[in-house]
Amino acid sequence: MKTTTEILNLASTGVNLIVDASYKTTIELMNIAGMVAKHKGHLTLINCNNKTTLELMKIAHTAPANITIDLS
């Protein structure tokens with residue numbers, strides 16, 4: 001598993017990422033989403049069921065056009 005710093009470094013390249021939300025805090029995911037959006041990438045979050053709706057909304061508001069939240 002990559003550290004948050006490693007994921008942020010990857011996000012800064014503009015790559016599209018899939019991140020398991022169950023292993024990251026809401027703040028970490030917001031930072032990753034912001035970096036992805038800044039570099040015109042896309043973030044897909046999987047395993048989001050451990051996050052509250054409010055937490056997911058906070059993450060989504062960081063970069064709404066650059067995030068997919070998988071609720072399956």
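Reader: Where is N50 found?
Author: N50 lies in the loop between β2 and α3, where helices (H or I, at least four residues) and strands (E, at least two) are DSSP runs numbered from the N terminus. This is a predicted model, in which local features need pLDDT of at least 70, side-chain atom pairs count only at pLDDT 80 or more, and totals for chains, interfaces and linings use all residues. Residues are numbered from 1 along each chain as its sequence is written, and side-chain values use heavy atoms, with hydrogens and water left out.

Reader: Why does N50 count as partly exposed?
Author: Buried means under 20% relative accessible area, exposed over 50%, and partly exposed in between (1.4 Å probe, protein chains only); N50 has 45% relative accessibility, so it counts as partly exposed.

Reader: What is N50 in contact with, leaving aside its neighbours within four places in sequence?
Author: With contact meaning heavy atoms within 4.5 Å, N50 is in contact with A21, S22 and E55 once those neighbours are set aside.

Reader: What makes α1 roughly parallel to α2?
Author: Their axes, which are lines fitted to C-alpha atoms over the stretch in contact, with angles from 0 to 180 degrees between N-to-C directions, come within 8 Å and cross at roughly 15 degrees. Angles under 35 degrees count as roughly parallel, over 145 as roughly antiparallel, 65 to 115 as roughly perpendicular and the rest as oblique, and therefore α1 is roughly parallel to α2.

Reader: Which residues meet between α1 and α2?
Author: From α1, T4, I7, L8 and A11 meet E28, N31, I32, M35 and V36 of α2.
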